[in-house]
Amino acid sequence: MNNKRQRPDKTYIWVNIDFDKVKHRIDAVTCQIERVIQKHQLSNQTGKSGKRNN
């Protein structure tokens, strides 16, 4: 009555990754995130006085 197929517990997928390219991409994205955070912090500092008083 057990119609389920037996699957192996683990499936291994070997992927050839160029880690230099991955690291370069991560660094680029991290730099963009840091810029967004800095802009957000600057806008919060300059806009605190009037925006939250409804």
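1. A salt bridge is a side-chain nitrogen of Lys or Arg within 4 Å of a carboxyl oxygen of Asp or Glu. In this predicted model, the side chains of Lys 23 and Asp 27 meet that description, with 3.1 Å from N to O, and the structure holds one such salt bridge.

2. As for where this pair sits, Lys 23 and Asp 27 are both part of helix H1, where they stand four residues apart, or about one turn of the helix. Asp 27 counts as partly exposed, because its relative accessibility is 40%, a value that falls between the limits of 20% for buried and 50% for exposed.

3. Turning to the overall fold, the protein has two helices and zero strands, and helix H1 covers residues 19-46. Of the 54 residues of the protein, 2% count as buried, while the accessible surface comes to about 6,400 Å², with 53% of this area belonging to carbon and sulfur atoms.

4. A nonpolar patch on the surface deserves a reader's attention: it is formed by Ile 13, Val 15, Ile 17, Phe 19, Val 22 and Ile 26, which together have about 620 Å² of accessible area. Among these residues, Phe 19 is found in helix H1, and Phe 19 counts as exposed because its relative accessibility is 62%, the cut-off for that class being over 50%.

Conventions:
Residues numbered from 1 in each chain as written. Predicted model: local features only at pLDDT ≥ 70, side-chain atom pairs only at ≥ 80, totals over all residues. Heavy atoms only, no water. Buried < 20%, exposed > 50% of the residue type's maximum accessible area, 1.4 Å probe, protein only. Areas by Shrake-Rupley, 256 points an atom, 1.4 Å probe, with all protein chains shown as cover. Patch = residues over 30% accessible without salt bridge, like charges linked within 9 Å, V, L, I, M, F, W, Y side chains within 5 Å.
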